[in-house]
Amino acid sequence: MNTQFAVLGLAAIERSGVLDKAGQGSLQKVKDKAREHWRRLQAPGGGWGYSLTDRNDNGCTFSMTCAGVASLHLLDETLEKPGKECGEYVASDSLQKGLA
């Protein structure tokens, strides 16, 4: 899916350090939309398929699931992040299901 190549491009731009504050704000908005896109396309069982119609578990492939997990990671999705309490962690449902 070409969406993964776009995410790789966004990650490269971010890591290059060429964006000013306004550019960084615009990049974050694009990353937020891309993260929601990947989450929306995830099948109930945690995988991803090659097309918009592959949102059932039968259409999922290993290669697209790897692309989905990698893309969410590049879009600042973390498997776990600190919660409100000491020792509490909030897990990303999307990444947990994709890695299962």
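**View 1. One aromatic pair.** A search of the whole structure, a predicted model, finds 1 aromatic pair. The partners are W38 and W48, with ring centres 6.0 Å apart. Their planes meet at 70°, so the pair is edge-to-face. The cut-off for that label is an angle over 60 degrees. W38 belongs to helix α2, residues 21–41. W48 belongs to strand β1, residues 48–49. The pair therefore ties together parts that are 10 residues apart in sequence. Are the two residues buried or exposed? Both W38 and W48 are buried.

View 2. Helix α2 is built from 21 residues. From first C-alpha to last, α2 reaches 31 Å. That is close to the 30 Å expected at 1.5 Å a residue. Which residues of α2 are buried? They are G23, L27, K31, A34, R35, W38 and L41. Looking down the axis of α2, these buried residues fall within an arc of 130°, so they line one face of the helix. On the other side of α2 sit the exposed residues K21, A22, K29 and K33.

**View 3. A buried lysine, K31.** K31 is found in helix α2. Why does K31 count as buried? Its relative accessibility is 1%, and buried means under 20%. The side chain of K31 has a partner in the side chain of D76. A polar contact of 2.6 Å joins the two. Leaving aside residues up to four places away in sequence, K31 touches L10, E14, L74, L75 and D76.

View 4. Helix α1 has 15 residues. Its span from first C-alpha to last is 21 Å, close to the 21 Å expected at 1.5 Å a residue. The buried residues of α1 are V7, L10 and A11. Seen down the axis of α1, they fall within an arc of 100°, so they line one face of the helix. What covers them? The cover includes α2 and α3. The face of α1 turned away from this buried side carries N2 and F5, which are exposed.

**View 5. The residue after α1.** Helix α1 is followed by G17. The phi of G17 is positive, near 80°.

Note on methods:
Residues are numbered from 1 along each chain as its sequence is written. Side-chain values use heavy atoms; hydrogens and water are left out. Rings of Phe, Tyr and Trp (its six-membered ring) pair if their centres lie within 6.5 Å; planes under 30 degrees apart count as stacked, over 60 as edge-to-face and the rest as tilted. Helices (H or I, at least four residues) and strands (E, at least two) are DSSP runs, numbered from the N terminus. Buried means under 20% relative accessible area, exposed over 50%, partly exposed in between (1.4 Å probe, protein chains only). The expected span of a helix is 1.5 Å times one less than its number of residues. The arc is that of the directions from the helix axis to the C-beta atoms. A polar contact is a pair of N or O atoms within 3.5 Å; within protein, one must be able to donate a hydrogen and the other to accept it, and residues adjacent in sequence count only if both atoms are side-chain atoms. Contact means heavy atoms within 4.5 Å.
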